[in-house]
Amino acid sequence: MGLSDVVTLQIGRVRDEDVHIGDGSDRLEFLKLRGRSQTARIVWSHPPARLTTFMTHSLRWSDLDDLARSPRLASVQVYNSTLDTAQGFIDISAFGGSAALRELHVAENLPVRGVPAVLAGAPHATVHVARDLHDAPDGAERVHRIAVPVKKPRATR
């Protein structure tokens with residue numbers, strides 16, 4: 001799909017586990033995706049150079065490293081109704097090199113690792129994490145701890 005001139009893109013019902021939407025879109029500044037409650041990963045060979053805002057609903061992310069390579073990225077907002085502890089964790093340390101980053105909201109996703117790297121390398125970023133399901137140091141500034149419901153495992157028959 002040719003998206004070279006698109007600045008704002010909103011897509012509903014993303015189905016893939018490897019998400020390529022936005023790859024190589026040089027003018028893309030805002031990307032909003034809605035999933036089907038699946039766990040996915042961003043797979044970009046050429047991250048959008050102008051992307052400033054990335055927002056998702058009903059998509060859990062196991063890997064956002066390619067997103068972290070977007071040089072103007074200021075806001076990452078991942079919204080789900082619960083946090084899933086059964087699928088491991090997400091390492092967000094790649095955002096430690098994101099100088100433009102101001103907000104990294106990944107509390108409603110998977111447990112988070114790599115918070116110290118983000119705090120050290122992205123000096124203006126506030127990181128939103130689920131209370132007790134992260135590796136941020138106690139008392140760390142710029143860490144917003146949120147109470148998030150944990151997804152209940154499905155009953156097996």
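Analyst: **From a charged end to the strands**

The charged end of R113 sits over the ring of F89, 5.7 Å from the ring's centre (that takes NZ of Lys or CZ of Arg within 6 Å of the centre and within 35 degrees of the ring normal). Before going on, note that this is a predicted model, where local features need pLDDT of at least 70 and side-chain atom pairs count only at 80 or more, while totals for chains, interfaces and linings use all residues. Residues are numbered from 1 along each chain as its sequence is written, and side-chain values use heavy atoms, leaving out hydrogens and water.

Strands here are DSSP runs of E with at least two residues, helices are runs of H or I with at least four, and both are numbered from the N terminus; pairing takes at least two DSSP bridges. Across from L33 in β3 you'll find I11. Strand β2 (residues 18–19) also runs parallel to β3, with 2 bridges joining them, and there V19 faces I42. Then comes β4 (residues 53–63), again parallel to β3, this time with 9 bridges; Q38 has L59 of β4 as its bridge partner.

With a relative accessible area of 1%, A40 is buried (under 20% is buried, over 50% exposed, anything between partly exposed, using a 1.4 Å probe and protein chains only). Skipping neighbours within four places in sequence, A40 is in contact with D16, E17, V19, L59, R60, W61, S62 and D63, contact being heavy atoms within 4.5 Å. Take S62: it is 22 residues from A40 in sequence, yet their C-alphas are 6.0 Å apart.

What does β3 bring to the inside? In general, nonpolar side chains of soluble globular proteins tend to be buried together. As for F54, the residues it touches beyond four places in sequence include L31, L33, I42, W61 and S75. S75 lies in strand β5 (residues 75–79) and is buried too, at 10%.

Back to β3, this time for its charges. R41 forms a salt bridge with D18, the closest N and O atoms being 2.8 Å apart (a Lys or Arg side-chain nitrogen within 4 Å of an Asp or Glu carboxyl oxygen). This pair links distant parts of the chain, with D18 in β2 and R41 in β3, 23 residues apart. D18 is partly exposed at 32%, and R41 is partly exposed at 34%. The structure holds 4 salt bridges, and another joins R27 to D5, at 4.0 Å from N to O. R27 sits in the loop between β2 and β3 and D5 in the segment before β1, so this pair ties together parts 22 residues apart in sequence. R27 is partly exposed at 35%, whereas D5 is exposed at 57%.
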